Amino acid sequence: MTPQRTHSARTRVESAIAVRGLRRSYRGRPAVDGLDLDVYRGEIFALLGPNGAGKTTTTEILEGHRPRDAGEVAVLGRDPAGAGPAWRARIGIVLQESADVAGLTVRESVRHFAHYYPKPRDPDEVIEAVGLTDRRNTRAGALSGGERRRLDVALGILGRPELLFLDEPTTGFDPKARRRFWSLIAGLREAGTTILLTTHYLDEAERLADRVGVIRSGRVVDVDTPERLGGRHLARAVLRWRDAEGAHELASAEPTADVARLAARFGGEIPHLTVTRPSLEDVYLDLIGAD
Ligand code: ATP
């Protein structure tokens, strides 16, 4: 677990992304319905929400790829709707559907896209950073799904973006590749990159994000650190154990004291004891109103 990251008043005013009252409808049906959002410089912000909640619409508006109906949007201080190539060179985008480079090798594709940026990173360093050095002469079309995603990230960070959009980056990764990818992303944050991450994986958000925003029906319903989202840090712990009389459950504000009391009652081990608090998934499901 990365150490607790806090944001001072200074970083609060330095938003990489500031959104107020964003609206976008499709054929009269609102997809984004008065959305407010701040992403601070230097943080990893995870956007969570069920299918159809409006995450893609929101991020595409922020990337300057989709028009909006209403609202104020500033990304790196500019309105994406009218921003030009100089602004675009400051952001990196890793989409779910990646650029068509299947016929090129890893090295050829990274070198090719480097020409699009005024001050690109060294292509070989980027390939090394995403762990594809051994595969640099392999055609992109012959990479595994996880390797292909790493190439997408290589292309996304090539231009030294101040702000990186990552859309469901680890879909299809095996557990080892995910952990490796998480280290890569955490390293980008350490180097000062702001990251807006869209994900359906709660463990990914918990592991990577400084703050999490939950979108439901086109609005942000809560924003907080993963530890505090939905009042998670205030929730009682639940003690469960099982003895000859059956299963027991106790919601406790003082779990340590309660465990000590129970241990005294049992004269030692408490049979089948577990102590749990609501997981990020539990509070997320509450926030989106899932059964
Ligand atoms: P997912 O998690 O499935 O990617 P999402 O949160 O990204 O979902 P959006 O793709 O932004 O959600 O979609 C929000 C709503 O807008 C959905 O009801 C979707 O059907 C609708 N929508 C999105 N794009 C279009 C479009 N081009 N034309 C019509 N409706 C659209």
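Me: How far does a polar side-chain atom of H200 lie from an oxygen atom of the ligand?
Reply: The distance is 3.1 Å. The protein covers 64% of the 630 Å² of accessible area that the ligand has on its own, with areas taken from the Shrake-Rupley method with a 1.4 Å probe and, for residues, only the protein chains shown counted as cover. This is a predicted model, in which local features need pLDDT of at least 70 and side-chain atom pairs count only at pLDDT 80 or more, while totals for chains, interfaces and linings use all residues. Residues are numbered from 1 along each chain as its sequence is written, and side-chain values use heavy atoms, with hydrogens and water left out.

Me: How many residues surround the ligand, and which are the closest?
Reply: The ligand is surrounded by 13 residues, and the closest are N51, G52, K55, T56 and T57; a residue counts if one of its heavy atoms lies within 4 Å. An oxygen atom of the ligand is 2.7 Å from an N or O atom in the side chain of K55. For the side chain of T56, the corresponding distance is 2.4 Å.

Me: Which helix gives the most to that shell?
Reply: Helix α2 (residues 55-62) does, with three residues. Helices (H or I, at least four residues) and strands (E, at least two) are DSSP runs, numbered from the N terminus.

Me: Changing topic, which residues of helix α4 are buried?
Reply: In α4 (residues 106-114) they are V106, S109, V110, F113 and A114. Buried means under 20% relative accessible area, with a 1.4 Å probe and protein chains only.

Me: Why do they line one face of the helix?
Reply: Seen down the axis of α4, the buried residues fall within an arc of 140 degrees, so they line one face. The arc is that of the directions from the helix axis to the C-beta atoms. An α-helix has 3.6 residues a turn, so residues three or four places apart point the same way.

Me: What do the buried residues of α4 pack against?
Reply: They pack against α5 (123-129) and α6 (145-157), where contact means heavy atoms within 4.5 Å.

Me: And S252, is that residue buried or exposed?
Reply: S252 is buried, with a relative accessible area of 1%. This residue is found in strand β11 (residues 246-252). Not counting residues up to four places away in sequence, S252 touches R236, A237, L239 and D258.

Me: How many helices and strands are in the protein chain?
Reply: The chain has 10 helices and 12 strands. Of its 291 residues, 44% are buried.

How values were computed: A polar contact is a pair of N or O atoms within 3.5 Å; within protein, one must be able to donate a hydrogen and the other to accept it, and residues adjacent in sequence count only if both atoms are side-chain atoms. Buried means under 20% relative accessible area, exposed over 50%, partly exposed in between (1.4 Å probe, protein chains only).
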